[in-house]
Amino acid sequence: MSNGYAHAEGAPSMHGHDHAHHPALQHHFSTMSQQREAGVLGMWVFLLTEVLFFGGLFITYTLYRMWYYEAFALASKSIEIVPGLINTVVLIGSSLTMALSVRSAQTNQRKATVNWLIATIILGSVFLGIKVYEYALKFEHHHVPGATFDFFGHAEASGEGHEAPAEGVTMGRDQIQRTTQIFFSLYFVMTGLHALHMIVGIVILFIIAWMAHKGRFDSEYHAPVEMTGLYWHFVDIVWIFLFPLLYLVERH
Amino acid sequence: MGGIPLFPEAASSFASEVDALYLFIVAVSAFFTVAISAAVVFFAFRYRRRHPEEIGAHIEGSLPLELLWSIIPTIIAMVMFAWGAKLYYEMRRAPAESLQIYAVGKQWMWKFQHTGGQREINELHVPVGRPIKVLVTSEDVLHDLYFPSFRTKIDAIPGRYQPLWFEATKPGRYHIFCAEYCGTKHSGMIGTVIVMEPQQYQDWLAGGGSEGTMAERGAKLFNDLACNTCHLDSGQGRGPSLKDIVGKQVELAGGQTAIVDEGYLRESILNSQAKIVKGFTPLMPTFQGLVSEEGLAALIEHIKSLSPQAAASAPAPVPAAAPSTSTPAAPAQGARR
Amino acid sequence: MSSGHSGVHVSPLSTYLSIFAALMVLSAITVGAAFVNLGAFNPIVALAIAGVKATLVILFFMHVKYSSRLTKLTVVLSLFFVAILFAETLMDYATRGWLNYTPMGQ
Amino acid sequence: METPVYPAHNYLTNGHGLKSWLLTKDHKRIAILYLISISAFFFLGGLFAVGIRLELTTPQGDLFQPDTYNKFFTLHGVIMVFFFLIPSVPAVLGNFLIPPMIGAKDLAFPRINLLSWYIYVVGGIFTLFAIVAGGVDTGWTFYTPYSAASSSTNVVPTALGVFISGFSSILTGLNFIVTIHRMRAPGLHWFKLPLFVWAHYATSLIQVLGTPVVAITIVMVFAERAFGFGIFDPQRGGDPVLFQHLFWFYSHPAVYIMILPALGVISEIVSTFSRKRIFGYSFVAFSSLAIAVFGFIVWAHHMFVAGITVYAAMVFSFLSFSVAIPSAVKVFNWSATLHRGSLSFEAPMLYVYGFFGLFLIGGLTGLFLATLGTDIHLHDTYFVVAHFHYIMVGGAIMGYLGGVHFWWPKMIGRMYSEFWSRISAILVFVGFNLTFFPQFVLGYMGMPRRYHMYPDEFQVLNVLSSGGAAVLGLGYLLPVIYLLYSLKYGEVAGNNPWGASGLEWRTQSPPLTENFLEVPTDIPEAYEYTPKVVREAKLV
């Protein structure tokens, strides 16, 4: 959707309007500020939708975490913390570069805008790369829900035996087998949808960077950069919650 | 019965109460429908346009009127709520002396088991004038056990027991429906509940149950599945003694407590490690998939028979709508008790 | 929000950098706290920190601090409806088992 | 009375050929695209209803196979809910009328508006594919575990279709919210807005807040069915009741997506045909918002027998009554508006009168279902079927048809046959009551819904219902004929054939692409009827 919007905003006005108007002003708006405020509000309403979208996942997570706390703790422990932590740093870093890109656009620094956008794209790609690595590990360990799921498969093969129930764990093997699968189902749905949002975001960033490079934006008209920023920050916020919920259920 | 019947047979202790509440709401609805329709039709005649240039009176509104027609409906609604909630509470709390029956929904039939050992499919025999509690579950998808003449129903959810109770007041044959869509032959998943005079019911009971009571069958299963090798009455076995536990509160390994009822027993058999009694190691295998719903009910009846005084005097066991098959005690629950 | 030539608030560079630093520190604290046994407080601490981080991002990176009342309202509205979803769903699950056996002794 | 002239330049003549329609950004043309596509889905959904009613004339279930019947009611529900009712009033009438009503040239995001139509079409194609591939039999509610594990039909394409069309609904809502906030003509403040706009604002809120939750729920069912994830599967420790919570968090408010815009239409028509300001304007306006917000806190009244706790049931029952009050307030205010009005009874007003009767019965029968004691008996019986048809067909479609008749002259610039339109309004009203009133009785008698066969004693009422459905079908087909006929042969309507006071009537019919030559600046209070307004409408 942002994509469509970005196009709409970037298209030069097709109607012969007064020359006093900014070239990016669309015919059905009367001023640039009306156009900008409409765009920003639209983006916020879209984010409102996104919050509820992830809200449905978070309530599901909350319920099953209450029910199957031990399984969640065990499964969470099986996830490597380091890639998750690196990704947290990378993503927050990309939020910073995104914010700086918006700032550059506001202050009419074309070159800096483009550079910060490219930095954001790179950091976003690094995040996805690490995510791919993590997913690959999950496949290797048979931690992907479905027919091949086996929570203990990897540990036993490699003799690590991290499945040996720690003290206080009262669940047996079958029970763990069944309920960790719920954790991993949620893990994949949550991180998968988050990654999907990242991919969409990166595509939009490419388009925006291209437009910035072409000099479409100035201090008066940079709403597309601003709105992409809002979207990107939102994706960052989702990760800020996902990280402790998925990686840090019980580490002590 | 001439003409079109408007009510199903009222054959349970709360059928007439539900009908009374229904008629009350019908009366309220009819009053408002008639009053508003009459007003609207009257205005249509009284204020019809008489010449093309005529316009309506300029009226902004009236705060007193707005308050009036907000507050009065609110009061009426609260009466409905309170009446309905009270009735619902009664419908969801089975009396202690209820006769227990197990019902299993399955695509596409209802299977009933009496504690005396009688098993029926799509037919249910019950005595008149005695509260009957039905523990309902499902083997596959959602179903819903519905007795229109008793004005009650409940969803059958795989993996847990849902309670339903009624007291039939009139001998006769009444419909059993499945009221939750369950696939191809949903509309064929119907049956008959046969309400009998107590004497007839005794005769019927005497005729069936050749395999012994549920508790007896459960006892046999208890041996067949080798439950008895660990669950010794002495308490010296590898598993806790099951004597006199029903209705008791047990302390769990995690520090929480649980009340032993049908829901707990069901969970402990199917997912033995969900709630381990304190002091025992989780050695018991899970019986998920190894024991049928009927067998499970028989086992539970057997275990209940080991707690004779609980069966006699326990308050109404309206079982938990416990979270499904394998729920460790949710912190909130443990903390509250 | 004023209109006309770039009526938007431009935050100084230092704001962004200090917010970034704060986010990094908070991330470190989250991980650190996870390895300390705080009992029931572990998830509370983790979520509280995540909440603070999210708030920082919303207020400064997303400029909500300098935005119109309508934008602020939108943010609050989204949280309000998520709260409804959580509160009412959990109300059902939290009351499960309330009608169990009364323990024999009581 | 001078004869109006059909304007040579208007949005219909601005560009010819298929491409000018498929690539249009004009909200009015997009509204027409929606009108055509939702009408197609309406009659497709209606076809399935015909199958259902035919089957139910006999108790034995001897016309179709049970599986066929199950697919019929599922597809009837899926198509009518997601592809007709949810887009109906907003996407057609709202799309067409909100910009002129607020003095704007277009919606805030014209391209997104077009995009949302394409998304709708893609969602529709997935669903049509599911039909062609053999149908789907889960019921429109997609309850797990049946949908996730048991059904062997095309659940995935149908669910995807619903998921995709959800985004169309979200984008329409988003567009309306921004438009109403940011595109109003100078001087047009909130309390001068037509109640139609208020109703759409409330509807849009539900669309953007509720739809994403059902979207994520569908994603989880999809993951369960397609990849073997087990989130709602009781065999793997999941909870099917959680699915119902999430599903109804959207699908209960969705009922208000369907009815609220129709309530907005009613306000416009009542005011116009009584030439009078709506009684208690601000109460009617705020009641729309109240319905939208309260709609979100009552969802589990669909689940009173589904395994929620006694306590949760009581809270949800209590809250459910809160929706009844603003609905009642609206009905009382409309009735009061008629008092001392100058009433006339052209077709749109006849639809409104029909609406009054049906919406009253529909709303009041909701009380039986909010009340715990009676809902246990009535849940999932034909009583529920009758109740929501009274609201969603009686209320929403009467409002929709009333609105189409009311604004048809504005949209097309021509009048339809007054005689036939009145006949159709009466047929729909009579047919509707014949079809669905018997179902209340059937429901209390205990006939469960989604039954292919039924015990003999229910036959008389079912035959009555099927007979009524025939009349109702005729009532729905008739407008197609005379409205299509009017496209070419109808009398030229003129700017304001009803003498209405809204801004949209100040421009020509059909309007220019940009709606107004000059954006109006002298905006009066809403529903200001003076002799001058009527005279300027050139009705005299």
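Two residues are in contact if their C-beta atoms, placed from the backbone, lie within 7 Å. In this predicted model, Ala103(B) touches Trp110(B), Phe112(B), Val134(B), Leu135(B), Val136(B) and Leu145(B), leaving aside residues up to four places away in sequence. Ala103(B) and Ile259(D) have the most contacts inside the largest nonpolar core, a set of 382 residues.

**Core**
- Helix 9 (residues 240–274) of chain D supplies the largest share of this core, with 22 residues.

**Interface of chains B and D**
- The contact between the two chains involves 84 residues of chain D and 80 residues of chain B.
- On the side of chain D that touches chain B, helix 11 (residues 310–338) of chain D gives the most, with 15 residues.
- That side of chain D is made up of 49 nonpolar, 27 polar and eight charged residues.

**Confidence in chain B**
- The average pLDDT of chain B is 83, and 89% of the residues score at least 70.
- Within chain B, confidence is highest in strand 6 (residues 143–147), at a mean of 96, and lowest in helix 8 (residues 331–336), at 34.
- Over residues 312–337 of chain B, pLDDT stays under 50; the model has 85 contacts beyond four places in sequence for these residues.

**Ser234(B)**
- Ser234(B) sits in the loop between helix 4 (214–224) and strand 11 (249–251) of chain B.
- Ser234(B) is exposed because 7 other C-beta atoms lie within 10 Å, and the cut-off for exposed is 12 or fewer.
- A distance of 75 Å separates the C-alpha atoms of Ser234(B) and Pro64(B), which are 170 residues apart along the chain.

Definitions and conventions:
Residues are numbered from 1 along each chain as its sequence is written. Chains are lettered from A and ligands numbered from 1 in the order in which they are written. This is a predicted model: local features need pLDDT of at least 70, side-chain atom pairs count only at pLDDT 80 or more; totals for chains, interfaces and linings use all residues. Helices (H or I, at least four residues) and strands (E, at least two) are DSSP runs, numbered from the N terminus. A residue is buried if 20 or more other C-beta atoms lie within 10 Å of its own, exposed if 12 or fewer, and partly exposed in between; C-beta atoms are placed from the backbone. pLDDT is the predictor's confidence in each residue, from 0 to 100. Ala, Val, Leu, Ile, Met, Phe, Trp, Tyr, Cys and Pro count as nonpolar, Asp, Glu, Lys and Arg as charged, and the others, Gly among them, as polar. A nonpolar core is a set of buried Ala, Val, Leu, Ile, Met, Phe, Trp, Tyr and Cys residues joined through C-beta atoms within 7 Å.
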